[in-house]
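Please look over the fold, the aromatic residues and the ligand site of this protein. A short report follows the structure.

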Amino acid sequence: MKMALRACLRTKPGLTALLSQLSCSGHAAARRAPALVAQRSSSSTSQKIKVDFDQSSGVAVMHMQSPPVNSLSLEFLTDVCIALEKLEMDKSCRGLVVTSSQPKVFSAGLDILDMYGKSPEHCAEFWKAVQEMWLKFYGSNMITIAAVNGSSPAGGCLLSMTCDYRIMADNPRYSIGLNETKLGIVAPFWFKDTMVNTVGHRATEMALQLGLLYSPAEALKIGLVDQLVHEDQVLTTATETMTKWLAIPGILNISYTCHFFHLWCCNLVCTICSCVCQVIAAKKIHLSQDF
Ligand SMILES: CC/C=C\C/C=C\CCC/C=C/CC(=O)SCCNC(=O)CCNC(=O)[C@H](O)C(C)(C)COP(=O)(O)OP(=O)(O)OC[C@H]1O[C@@H](n2cnc3c(N)ncnc32)[C@H](O)[C@@H]1OP(=O)(O)O
């Protein structure tokens, strides 16, 4: 799916416009102008994000450092998007590892305090930022690897699934999954689609309906993560793995992209049809209540 978005961003101007409308991509850039990285190795830091970029390897490491649990607030999401935009604009940056500076937690998912009791304007901006993060990671031209060095529920799991590869710390205390159902909320359809693309239809059905959080071993078994390593090795393994991915010529990447793009389009058409059906059904119910 990520590759599919990459392809359409490269080749389909119409869809680019559609996606940029969906993601409201001007939103992050409007706040702070991106700067190109000039040094051989550099480090740029916002309050909540630290990026180390090694120009000799072309690999950047994004450290999420929003205590206590890297919950995805509007402010944090905006910082992530700005950092991604900057890296994306620097053509020498070919790979991105995303990890956490917080002990025991990769990301606790969406910031619950940023969703509750806020104005409609805030909620709209918040959801645009969530979509923007999702699209920017999925549509990135960089190879992206999630170094999941702690628990990663809900939106944290989503973030990791938008990456090309996931390496998780092999610690049974940690868990990962889309647990929204357990919180009494429904995961948006694009959370669901992202999981279907990662682990398949049946595993997603089980995961979402039961709101399952998986141990690292269980996550590996269903393909939610690709590799488990000792806690101390997550970041080094991620950078080693990146070397292998960057050795693959970009053109092959684009070819696979076309296959996935086809699947993604089919999925989108189905989703739109299903939304239309739901609206029609809701109208029918409404009418039958009136009479
Ligand atoms: C605008 C929108 C309007 C409507 C939308 C409606 C519905 C659609 C929403 C659908 C999608 C939702 C996706 C989500 O991501 S929802 C968030 C789900 N997240 C969780 O369930 C994670 C909950 N947290 C945990 O499980 C643990 O905290 C964790 C394992 C991450 C870490 O455990 P640890 O023991 O290390 O720390 P804690 O003591 O539990 O927590 C420390 C402090 O952090 C606060 N915290 C934790 N998670 C969140 C969070 N997601 N948002 C905000 N704050 C969080 C926690 O309360 C503690 O705070 P203090 O008590 O220390 O103040």
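A residue counts as buried when its relative accessible area is under 20%, as exposed when it is over 50%, and as partly exposed in between. The model is predicted.

**Aromatic residues**

Phe126 has 1% relative accessibility, so it is buried. Its partner in a ring pair is Trp127. The two ring centres are 5.9 Å apart and the planes stand at 85 degrees. Planes over 60 degrees apart count as edge-to-face, so Phe126 and Trp127 form an edge-to-face pair. Trp127 has a relative accessible area of 30%, so Trp127 is partly exposed.

Trp190 and Phe191 also make an edge-to-face pair. Their centres lie 5.0 Å apart, with 65 degrees between the planes. Trp190 is buried at 7% relative accessibility. Phe191 is buried as well, at 1%.

How many aromatic pairs are there by this rule? The count is six. Ring pairs join Phe126, Trp127, Trp134, Tyr138, Trp190 and Phe191 into a cluster.

**Ligand site**

Trp127 also belongs to the ligand site. There are 23 residues around the ligand. Those that come nearest are Ala108, Leu110, Ile112, Trp127 and Gly155.

**Sheet and helix**

Seven strands form an open sheet with mixed pairing. Their order is E1-E2-E3-E4-E5-E7-E9.

Strand E7 covers residues 165–169. E7 pairs with E9 in the parallel sense, over three bridges. Ala169 sits opposite Val229 in E9.

Helix H4 spans residues 74–89. Helix H4 lies across strand E2 (49–54), strand E3 (59–64) and strand E4 (95–100). The helix runs at about 15 degrees to E2.

Notes
Residues numbered from 1 in each chain as written. Predicted model: local features only at pLDDT ≥ 70, side-chain atom pairs only at ≥ 80, totals over all residues. Heavy atoms only, no water. Pairing = 2+ DSSP bridges. Helix = DSSP H or I, 4+ residues; strand = E, 2+ residues; numbered from the N terminus. Contact = heavy atoms within 4.5 Å. Axes fitted to C-alpha atoms, helices over the stretch in contact; angles between N-to-C directions. Phe/Tyr/Trp six-rings, centres within 6.5 Å; stacked < 30°, edge-to-face > 60°. Buried < 20%, exposed > 50% of the residue type's maximum accessible area, 1.4 Å probe, protein only. Near = heavy atom within 4 Å.
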